[in-house]
Amino acid sequence: LAKGEHCSPARLQALAVAALRELQEEANLIVGKPVAGAPLAFLPDLTNLRYIARAVTPPGHLRRFDTHFFALFADEADIDPADVRDSQELEDLRWIELEDLSTVQVPDITAIVLADLRSALEDDASLAFDRPVPFYHTRRGRHIRDLL
């Protein structure tokens, strides 16, 4: 997306559904309602999911990503942190406090987005759904932070 463009509602919905599917597959956390008779299936509930950032890996990196970040209050989604489980792709999953990331290593962009999230929560503890979303990308070799 170019500066000033926004994701269409359908695209954002698809990204949010994918995020919740990954949360279920990788951490065993379900945000939604289970489908009767299908133990791994669920109907995702996007009601409380907040879109908080987008970041595109700069050119020249071996692996590039166009990443969309979402946040969700555990109590709004009826999530019990004790239900987090390791998966075939992820191990040592644990619940950490947003204010203290000193116990984990995260990619630089993740640390930046989490700092933005902490700041947004300080400004408005409800993390309003209609707030501007940071978009991190590179233009002509310069790191840019736009707002979507």
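Two strands pair if DSSP finds at least two bridges between them; strands (E, at least two residues) and helices (H or I, at least four residues) are DSSP runs numbered from the N terminus. The model is predicted, with pLDDT of at least 70 needed for local features and 80 or more for side-chain atom pairs to count, while totals for chains, interfaces and linings use all residues. Residues are numbered from 1 along each chain as its sequence is written, and side-chain values use heavy atoms, without hydrogens and water.

**View 1. Pairing of β5 and β6.** Six bridges join β5 (residues 134-139) to β6 in the antiparallel sense. Tyrosine 136 has arginine 145, in β6, as its bridge partner.

**View 2. The open sheet.** Four strands, in the order β4-β3-β5-β6, form an open sheet with mixed pairing. Because β4 (66-71) and β6 (142-147) are edge strands with a single partner each, one side of each has no neighbour in the sheet.

View 3. Helix α1 (residues 9-27) lies across β3 (50-56) and β4, at about 75 degrees to β4. Helix α2 (residues 108-123) packs on the sheet and touches β3, β4, β5 and β6; its direction makes about 145 degrees with that of β5. Axes are lines fitted to C-alpha atoms, for helices over the stretch in contact (heavy atoms within 4.5 Å), and angles run from 0 to 180 degrees between N-to-C directions.

**View 4. Threonine 57.** The loop between β3 and β4 contains threonine 57. Threonine 57 counts as buried because its relative accessibility is 17%, where buried means under 20% relative accessible area (1.4 Å probe, protein chains only). Beyond its neighbours within four places in sequence, threonine 57 is in contact with Arg63, Arg64 and Phe65.

Technical notes. Buried < 20%, exposed > 50% of the residue type's maximum accessible area, 1.4 Å probe, protein only.
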